2 protein chains.
Amino acid sequence: MDQKRCAVASKETLMRIFTVPEAPDSTLSKIELEISSNLAGFLNENIAAIEKPLHEIEKDFQSAVIPEDPTFVSAYAQDIMEQLVAHSVHTAAPSFIGHMTSALPHFVLPLSKLMVGLNQNLVKIETSKAFTPLERQVLGMMHHLAYGQDDAFYSKWMHSAKTSLGAFCSGGTVANITALWIARNRLLKADGNFKGIAAEGIVSAMLHYGYKGLAVLVSERGHYSLGKTADLLGIGRDNFVAVKTTDDNKVDIAAMRETAQQLAAKGIKVMAIVAVAGTTETGNIDPLDEMADLSQELNCHFHVDAAWGGATLLSDTYRPLLKGIERADSITIDAHKQMYVPMGAGLVLFKDPAATDAIEHHAEYILRKGSKDLGSHTLEGSRPGMAMLVHACLRVIGRKGYEILIDKGIEKARYFADLIKADDDFELISEPELCLLTYRYVPKQIKQKIAQADEQTRLDIFASLNRFTASMQKRQREAGRSFVSRTRLTPAQYAHQPTVVFRVVLANPLTSESILQEILAEQKALAKTDPVFKKFLSKYMD
Amino acid sequence: MDQKRCAVASKETLMRIFTVPEAPDSTLSKIELEISSNLAGFLNENIAAIEKPLHEIEKDFQSAVIPEDPTFVSAYAQDIMEQLVAHSVHTAAPSFIGHMTSALPHFVLPLSKLMVGLNQNLVKIETSKAFTPLERQVLGMMHHLAYGQDDAFYSKWMHSAKTSLGAFCSGGTVANITALWIARNRLLKADGNFKGIAAEGIVSAMLHYGYKGLAVLVSERGHYSLGKTADLLGIGRDNFVAVKTTDDNKVDIAAMRETAQQLAAKGIKVMAIVAVAGTTETGNIDPLDEMADLSQELNCHFHVDAAWGGATLLSDTYRPLLKGIERADSITIDAHKQMYVPMGAGLVLFKDPAATDAIEHHAEYILRKGSKDLGSHTLEGSRPGMAMLVHACLRVIGRKGYEILIDKGIEKARYFADLIKADDDFELISEPELCLLTYRYVPKQIKQKIAQADEQTRLDIFASLNRFTASMQKRQREAGRSFVSRTRLTPAQYAHQPTVVFRVVLANPLTSESILQEILAEQKALAKTDPVFKKFLSKYMD
């Protein structure tokens with residue numbers, strides 16, 4: 001190993017690591033200063049524009065042996081700038097509109113450092129003290145945003161030891177799992193000799209209640225985490241039933257009702273229906289009020305997965321799109337999506353403060369009965385104080401500030417949809433209901449060809465278009481100037497054929513209209529040099 | 001609302017939040033500078049020593065209404081310094097020896113800021129690029145630490161798209177859940193017409209395989225997250241069987257074998273046995289080799305919950321204590337415990353790189369088949385780049401550096417045990433095997449009283465001692481100079497009667513021998529003024 005890089009392990013050098021901060025002129029301090037004074041500049045300068053292939057990046061992360069000797073912090077900092085930071089993803093770039101992750105407000109950086117320095121563990125009061133009431137307040141605020149109960153309700157429940165208005169978690173997946181775990185346990189609760197599913201498990205529960213199985217219904221646009229949840233909870237992915245959507249990508253309520261009836265006839269109990277608000281792939285919101293009605297009919301739990309779209313509640317302008325959410329038994333919202341909080345801040349809200357009774361647990365050394373320890377009602381155990389960053393954003397941005405951000409995002413998506421529709425070489429696949437839309441590149445002459453083609457040729461062209469769209473999306477990403485993501489939909493206008501599309505999410509406040517124009521221009525230019533597209537043209541356009 | 005504190009929401013002020021960093025002389029920048037230049041000083045000065053009662057703290061977190069208007073960052077920073085930071089817990093203080101959280105190395109602070117600024121999402125390569133190979137390398141290094149496979153193994157599997165050597169997660173609870181989820185799904189795999197538990201659920205699985213139920217066996221000292229796991233996975237807490245321990249707090253293998261036989265006779269399949277290395281409450285390590293043998297006998301999954309003790313593998317001196325861990329099918333290790341990484345860094349390792357096949361999942365827009373996206377093998381979805389901080393600690397501290405830290409912790413615990421044993425007014429309840437021990441305050445005259453008392457009086461005294469120990473622990477915490485935690489054990493020396501004890505974890509490198517002496521002195525002084533103790537004395541010592 002290089003001698004200059006290699007420190008000597010001794011008690012004294014170790015004590016220094018724990019007691020002496022980096023010197024102001026050290027490599028790491030300089031990096032930090034750059035981040036503090038100009039994050040966007042730092043990211044622009046240090047993240048390489050041109051994509052390095054993954055197998056090349058992997059060469060820097062080959063050894064599976066933990067180095068015996070220490071490395072100087074400066075040497076390490078140098079290494080990760082070159083090997084890691086340079087080849088990370090510029091998620092905050094205004095032209096990277098394919099993710100749900102966007103720019104962060106500057107103040108979250110010093111606050112994150114404060115959070116890490118305090119190193120609280122939110123599982124219990126003994127390791128988090130004031131962070132516990134703070135987290136409960138954030139849950140209360142989000143609960144109020146969704147359910148709008150009165151002051152008396154929050155005075156009674158927000159800081160109550162017995163209940164939780166929600167649970168913070170690392171992200172929307174754990175939030176969805178928690179919600180459906182509660183739904184399952186409330187349905188199959190203790191009854192007579194039966195001690196409840198939490199104690200006895202599913203098999204006994206099915207025997208006691210006389211069900212042959214459990215099912216969860218959601219639209220075919222539901223997030224993949226729900227299938228994972230069905231597996232984890234022992235229900236099985238086959239009993240997590242995807243119901244078709246109408247042409248606007250919203251669940252077909254009649255089809256959902258029919259599915260529930262068919263399941264009931266087979267002795268399978270629908271334990272929950274899940275609404276999506278908005279879907280990951282098209283940004284649409286299921287008809288929440290109708291689903292609330294259906295859940296009453298079916299006497300089942302009603303969960304809304306608003307991981308991405310939930311922040312829309314902060315805008316009085318667009319809040320009506322989520323009407324009916326206040327009737328949900330539980331709601332997932334990710335603060336690290338449209339609330340501009342750094343990664344790792346999901347939450348689930350419960351209409352009924354006693355909902356978490358169904359998953360309550362205790363231990364001898366913490367989470368004792370009657371304590372206000374948050375950990376007795378969460379899936380996770382030890383957790384960091386991320387609630388502080390949500391608290392900070394709610395206070396510093398304020399509801400009105402969020403309203404502006406949400407409204408601008410949706411307006412920007414409409415502007416982009418108009419740009420796409422006005423251009424003969426593009427095709428809008430899904431209209432933006434929130435700030436998300438899908439489209440693809442189909443040059444005018446191909447459109448004409450499709451219109452004239454017979455059925456088989458049409459299908460051939462569609463298949464080629466799919467390959468081409470995927471290839472173009474990859475090339476655009478590799479070029480490093482901009483990024484749109486892609487997914488595969490089954491749009492009505494293409495007879496529900498699998499259709500690969502570009503997908504954009506316009507939540508970054510720094511994305512300008514001119515950037516959107518440039519992205520379309522770049523795609524047109526890319527198409528001209530795309531090998532898949534050339535083959536395609538030569539095949540169909542001779 | 002106070003006009004000075006209240007900003008106006010406008011597109012321009014919002015753009016500023018996203019583009020203009022805090023000024024160097026702003027409140028938040030000053031706070032950050034203090035943290036950077038002297039974290040310990042910052043924590044000592046800003047965290048109030050005297051405990052404010054929780055109901056008082058809650059007054060600052062009462063409103064459930066999200067403020068309409070924005071707040072200036074400086075005003076917010078001021079507020080949280082007074083309301084939150086002042087009443088948080090000084091987890092890094094060398095005299096706070098009750099937690100598994102201790103001091104952090106300084107370099108993790110600027111690195112955390114870099115991590116937050118980059119805001120990568122490790123669920124997929126498109127939002128994490130080089131962070132994905134980095135995380136795979138860290139998993140590889142930890143796998144090598146535990147299982148020590150050869151170079152060829154890691155070249156083949158570490159960066160393979162099809163497999164995972166482990167999974168990063170927010171903490172040990174998710175790690176344990178992931179391990180047992182895999183154990184369940186591998187046992188009840190697809191077979192003939194049966195599509196596997198992941199697809200069909202537990203009920204079908206039980207019918208197909210002819211089991212009446214599933215069970216998980218662990219010692220009575222197992223972590224509470226395992227009961228939660230049994231609930232979540234649909235097995236039921238009653239089928240999560242706590243097996244008694246021998247006098248050294250290690251699981252009684254004969255009793256575990258017998259339990260397994262009794263369950264088998266009832267048609268219940270033991271799907272996994274879980275070893276603890278070391279237990280949360282006493283720090284002891286189960287006999288791993290014998291448990292590995294037993295798991296072979298029972299043909300079941302062998303999981304080791306080494307959330308806390310796993311870091312001991314980094315010390316060549318004490319590594320032999322974990323002999324047999326290399327035979328485990330899966331291992332949980334929390335880097336945020338004895339590896340000095342900030343909160344939020346758990347991981348689970350799998351002996352067999354194909355283990356995660358049992359929980360593999362895909363989606364249309366990410367985690368496509370053949371991709372190297374980490375998210376297709378994790379319980380969580382979106383996740384931050386915490387792996388970078390583990391990577392940094394492994395490189396900067398090095399294996400030898402960790403060895404020194406681990407060894408010093410264990411030696412310190414032995415020193416403290418000797419102090420306790422040398423003092424007539426204390427009683428060591430559990431010897432330190434790692435750096436954790438339990439004890440209580442029992443003044444000499446009470447010890448004599450116990451020795452002479454009849455059975456009923458003895459039980460009465462024990463009950464009083466329990467109340468007194470709990471009261472003293474609380475008062476010591478409230479006084480704010482030091483902190484020990486408490487739990488309730490059933491030690492052999494007290495005929496397995498419930499016994500409340502002080503519990504200390506000596507991982508903080510800054511905890512000195514003189515601090516340990518002071519803690520005992522403080523406890524003696526506290527006892528003299530303890531109201532419960534006074535009542536106690538007056539009752540038994542007239």
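## A tour of chains A and B

Select Asn299(A), which sits in the loop of chain A that runs between helix 13 and strand 5 (301-305); helices (H or I, at least four residues) and strands (E, at least two) are DSSP runs numbered from the N terminus. Asn299(A) is not glycine, and its phi is positive, near 55°. This is a predicted model, in which local features need pLDDT of at least 70 and side-chain atom pairs pLDDT 80 or more, while totals for chains, interfaces and linings use all residues. Residues are numbered from 1 along each chain as its sequence is written, chains are lettered from A in the order in which they are written, and side-chain values use heavy atoms, without hydrogens or water.

Next, go to Gly278(A), in the loop between strand 4 (268-276) and helix 13 (288-298) of chain A. In chain B, select Ala277(B) and Gly278(B): a cis peptide bond joins them, with omega about -25°. Gly278(B) is in the loop between strand 4 (268-276) and helix 13 (288-298) of chain B. For background, most peptide bonds are trans, and most residues other than glycine have a negative phi.

Stay in chain B and show helix 6 (residues 108-118) with helix 14 (residues 387-422). Their axes come within 10 Å and cross at roughly 150° (axes are lines fitted to C-alpha atoms over the stretch in contact, and angles run from 0 to 180 degrees between N-to-C directions). Helix 6 and helix 14 of chain B are therefore roughly antiparallel, a term for angles over 145 degrees. The contact (heavy atoms within 4.5 Å) includes Val108(B) and Leu111(B) of helix 6 and Met388(B) and Leu389(B) of helix 14.

Now show helix 16 (residues 455-479) and helix 17 (residues 513-528) of chain B, whose axes come within 10 Å and cross at roughly 115°. That makes helix 16 of chain B roughly perpendicular to helix 17 of chain B (65 to 115 degrees). Among the residues in contact are Phe468(B) and Arg475(B) of helix 16 and Ile519(B) and Glu522(B) of helix 17.

Finally, display both chains. The contact takes 169 residues from chain A and 168 residues from chain B. Across this interface there are 16 salt bridges (a side-chain nitrogen of Lys or Arg within 4 Å of a carboxyl oxygen of Asp or Glu). Select Asp79(B) and Arg395(A) to see a salt bridge whose closest N and O atoms are 2.6 Å apart.

Terms used. Angles under 35 degrees count as roughly parallel, over 145 as roughly antiparallel, 65 to 115 as roughly perpendicular and the rest as oblique.
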